[in-house]
Amino acid sequence: MARRPIAIVTALVLFLEAPGIVAINAVMARFVRGQSMSLNGLDPELMYRGTWGLGLGSGALLLLCGLVPLVAAIRDRRPGRAGRILLIGCAVVHGVLGAVAVGLLGWAAFAFLMLVVGLIVLTLVAYGEGAADRKTTAPRAA
């Protein structure tokens with residue numbers, strides 16, 4: 001089965017997406033700092049730092065999510081419970097972002113996010129609890 005290449009591609013896409021998210025938040029932080037205006041009394045400097053923090057935190061989580069399929073591919077075993085929960089959460093977040101992105105950014109952003117969701121789900125299914133993971137013995141001839 002092609003589960004190792006699927007997991008490696010999933011890990012690579014998540015690793016490439018992490019710096020992209022940090023860069024997008026860096027641009028947004030620069031706009032926030034350049035506007036230098038308060039939203040209902042919020043400090044603009046705190047909004048700037050919060051945008052950077054969100055970007056760095058999101059990038060770190062995407063790197064962590066990328067490590068799960070990479071380790072699964074190297075070991076050729078399904079991820080543990082925490083790894084599966086992390087990947088499911090990552091897929092849900094990408095799905096919600098895709099729903100928002102279609103209205104704000106267009107169909108290309110939606111297609112990319114759905115591609116990532118598909119890769120994550122395919123990795124989870126490929127390393128799911130199936131016949132390849134169970135020890136089975138061939139029936140003996142009588």
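Visitor: What makes E45 and R33 a salt bridge?

Guide: In E45 and R33, the closest N and O atoms are 2.9 Å apart. The rule asks for a side-chain nitrogen of Lys or Arg within 4 Å of a carboxyl oxygen of Asp or Glu, so at 2.9 Å this pair counts. The two link distant parts of the chain, with E45 in helix α2 and R33 in helix α1, twelve residues apart. Helices here are DSSP runs (H or I, at least four residues; strands are E, at least two), numbered from the N terminus.

Visitor: And what am I looking at here?

Guide: This is a predicted model, where local features need pLDDT of at least 70, side-chain atom pairs count only at pLDDT 80 or more, and totals for chains, interfaces and linings use all residues. Residues are numbered from 1 along each chain as its sequence is written, and side-chain values use heavy atoms, with hydrogens and water left out.

Visitor: Why is R33 called partly exposed?

Guide: Its relative accessibility is 42%. Buried means under 20% relative accessible area and exposed means over 50%, with partly exposed in between (1.4 Å probe, protein chains only), so 42% puts R33 in the middle class. E45 is partly exposed too, at 27%.

Visitor: How do you know that R33 lies over the face of Y48?

Guide: R33 is at 3.8 Å from the ring centre of Y48. The rule wants NZ of Lys or CZ of Arg within 6 Å of the ring centre and within 35 degrees of the ring normal, and R33 is listed as lying over that face.

Visitor: How many salt bridges does the structure hold?

Guide: Four. Among them, D76 meets R3 at 3.2 Å, N to O. D76 lies in the loop between α2 (44-75) and α3 and R3 in helix α1 (residues 3-35), so this pair ties together parts that are 73 residues apart in sequence. D76 also meets R4, at 3.8 Å, N to O. That pair ties together parts 72 residues apart in sequence.

Visitor: Is R3 buried or exposed?

Guide: R3 counts as buried, at 11% relative accessibility, while R4 is partly exposed at 39%. D76 is partly exposed, with 27%.

Visitor: What makes R3, R4 and D76 one network?

Guide: Salt bridges that share partners join them.

Visitor: Why is the pair of W107 and F110 called edge-to-face?

Guide: Their ring centres are 5.4 Å apart and their planes stand at 90°. Rings of Phe, Tyr and Trp (its six-membered ring) pair if their centres lie within 6.5 Å; planes under 30 degrees apart are stacked, over 60 edge-to-face and the rest tilted. So W107 and F110 pass on distance and land in the edge-to-face class. Both lie in helix α4 (residues 107-126), three residues apart, about one turn of the helix. W107 is exposed at 62%, and F110 partly exposed at 25%.
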